[in-house]
Amino acid sequence: MKPSRLAIITHGHADHARPGHDHVIATPDTIEIIKRRYGENCAKTFEALEYGVEKKIKDVTISLHPAGHVLGSAQVLLQYQGYRAVMTGDYKARPDSTCAPFEVVPCDLFVTEATFGLPVFQHPDSADEIKKLLKAREEQPERAFLIGAYALGKAQRVIKLIREEGYDRPIYIHGALKKLCEFYQERGINLGELRSPTGLKKDDFHGEIVVGPPSALKDQWSRRFPDPVVAYASGWMTIKQRARQSGVELPLVISDHADWNELTETIKATGASKIWVTHGREDALVHYCRSIGLEAEPLYLQGRDDEED
Amino acid sequence: MKAFAELLEQLILTSSRNKKVDYLAQYFAKTPDPDRGLALAAITRDLSLRHVKSSLVKQNVLERVDPKLFALSYDYVGDLGETVALIWPETVSGELPSVKDFIAFLEDTPKAELPALFSDLMDLATPNERWAMIKMITGGLRVGVSARLAKTALAKYGNVELQEIEEIWHGLTIPYLKLFAWLDGKTDKPQIKHTETFHPLMLSNPVDEIKDFEKLSEADFAAEWKWDGIRVQLVFNEDTQRMFSRTGDDISHTFPDLTESLNGAAVLDGELLVGKDMEPLPFNNLQQRLNRKTIVKKHLKDYPAFVRVYDILFDGEEDLRTLPWQERRARLESWMESHDNKRLSLSELIPFKSWEELKKIREKGAEEQGHEGIMLKRKTSVYEPGRPKGPWYKWKRDARLVDAVLMYAQRGHGKRSSFYSDYTFGVWKGNEIVPIGKAYFGFTDQELKQLDKWVRANTIQRFGPVREVKKELVFEVAFDSAHVSPRHKSGIALRFPRINRIRWDKPAQEAETLDGMQFFVEGQSDS
């Protein structure tokens, strides 16, 4: 991705937000997240646009709408002479108490992500996944529970979900999560007491829950915990062999992306007649759209890695 | 079925042996008969369900899911059972049948009605339960549990010795009601026929040349060659003929040439070897016949199996295990004389007067005939399962040592999953280093930490979990023997390689060369 004169940024993940643009338009939360991740001067100028507020650039009207992906995440609606096009960025339609709920934006052209664009991905209820974690913790109180969750969004959501199940012990977090957890707390999302594991002994972690970025699970960092149960919160954990190969003992199918049912329902709900599919498994979703009589094309973006969580 | 599905998921997701044992033992404790026995049989893959093939599973799902979407999904997931389990669209709430009823449904339902039954079951289940049922139906239950591990879990559950389970295992029938009744303390240990079941083996200890020979008297011991094959137990009578590995796995079907030859009734202990006219070929020839599902005709011809017999545990149903070795040997010799068999030969005794003399024989045998070493058996020893100290010794020829250079390191499993603990090493071939083997033990925990640190600091390339390192660190690798191997780039394969010492001091230039390795290689003339 090359830096550009004007960038509309949907949310703060590294594959969507890069530093070096001249002028950035995004939601206030996304701008704050970008600044904390890349520094105050990562773009020349910033322009905060609240959800639902329209802004005109030449003949095109721009507005941002909640995408339900992570704090600050937005879909982009472009209107030109009555024609409406929506770019979803990453989204999910199910409830998430760490960000504004997804909003269906009626449109003519719908550009959708397809990270989990295969019918094998039918994410279960997230609360049930957390119950699995807490049950395992009761059954094996001598072990530490090490949850891999990426630093922006997933980590905070997992912590919030754990709190919602009534767990009120301190939760330990890896240093890489600190800044963003603090930001979520500042924004009124109560994550309860968070602590750093640094300086504590192995014996201090029996039965404790620790959250860290996925890369830390297999790193030297994980050695300080007693016989840890490696858990990983991700939509990919649907696939057992995949969990097994990555050494995950407790897969938690918790995703910040729409699953197959959310994707197909949302496509129908927008009323769009033209669908462009990007960001993942385009083939299956394009095939589906065509099978229900919609015009659909895959849209291959530059600089995309195949997989993210 | 719900509990069984949970168990399978736990088993597949943990790599720790101990935890698998715990999960199984917990399942046995909370599951009623006959479900637990049927589940056990499914896991050890002794359960075979007729009628149901994976084509039925596939057909059924294609009636509900767009074929193209299914194909793309299958392509991505890579496992038919899991794809179907995940993609299945409907769910209705209701009770799943027990394992027993599930199996009964499958067995009793007429073929034409099977598809409807199958989809009813799928509708009732969660994805994980669907996966468990499909795995059971198609028989592809690979959850990393060996028969031995299952038996270890049974022993733990019933608080009995593993040996006791092994002793009766092959006399038991699915769903193991008698076994569980005994483990639950409700009945006595099940009675079984001795010439139909495996009996735990008596094992030897390595001899310590300096300490032991001082105390041991030559006259008390008999000596035999230590044959370089695999230890087997032949268990047979008029009705059944079986061969078991040392861990009690039934390997009869892999060696039909041998099992079919057995006549009479006895339990014999010996070494499985291959070769024409009962002349043993090197171990890697035998290896070609091990762990094969299908039998290759050419192998039967080129590598006929035979057994060097060295002990007799039962003559008919008569238990000889409490007799001293000397008497058992006499019984064995007369048994062999009265049962002519072209696949069985007696392991000869080596006459000797002094340890010194035997040492020379051992060295000569290793050099000239490639013998692995010598076995010493106390003439008064009874046949005692396990590894008792004192009665039997193995006197292996000295390990071979080679200085090799560390090439790649890979992360270990379980407790070692954050350490680079599996090492591939190689020797010089001209200006490059070619791999000759892989080892993951022989070092202390302290050394492992140092090695892990060294690997991280000296990585030059990464391939997934594998790191290629600078060719600078030398290992002194110990191994039992070297063989020709066309599968390895170096053309050499080592047996039992382990890290003997880490030579932090030695420059890589001084490591061994491939030419130098040829000195160790056995079976060169073999095609």
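In the predicted model, the axes of helix α6 (residues 80-87) of chain B and helix α9 of chain B come within 8 Å and cross at roughly 145°; axes are lines fitted to C-alpha atoms, for helices over the stretch in contact, with angles from 0 to 180 degrees between N-to-C directions. Helices (H or I, at least four residues) and strands (E, at least two) are DSSP runs, numbered from the N terminus. Residues are numbered from 1 along each chain as its sequence is written, while chains are lettered from A and ligands numbered from 1 in the order in which they are written. Because the model is predicted, local features need pLDDT of at least 70, side-chain atom pairs count only at pLDDT 80 or more, and totals for chains, interfaces and linings use all residues.

On α6(B), the residues that meet α9(B) include B:Val84, B:Ala85 and B:Leu86, and their partners include B:Trp131 and B:Ile134; two residues are in contact if their C-beta atoms, placed from the backbone, lie within 7 Å.

Helix α9 (residues 127-138) of chain B is also approached by helix α1 (residues 2-13) of chain B, the axes coming within 9 Å and crossing at roughly 90°. The two helices are therefore roughly perpendicular (65 to 115 degrees; under 35 is roughly parallel, over 145 roughly antiparallel, the rest oblique). The contact involves B:Phe4 and B:Leu8 of α1(B), among others, and B:Ala132 of α9(B), among others.

In chain A, strands β15 (residues 274-280) and β16 (residues 295-298) pair in the parallel sense over four bridges, pairing requiring at least two bridges found by DSSP. A:Val277 lies opposite A:Pro298 of β16(A).
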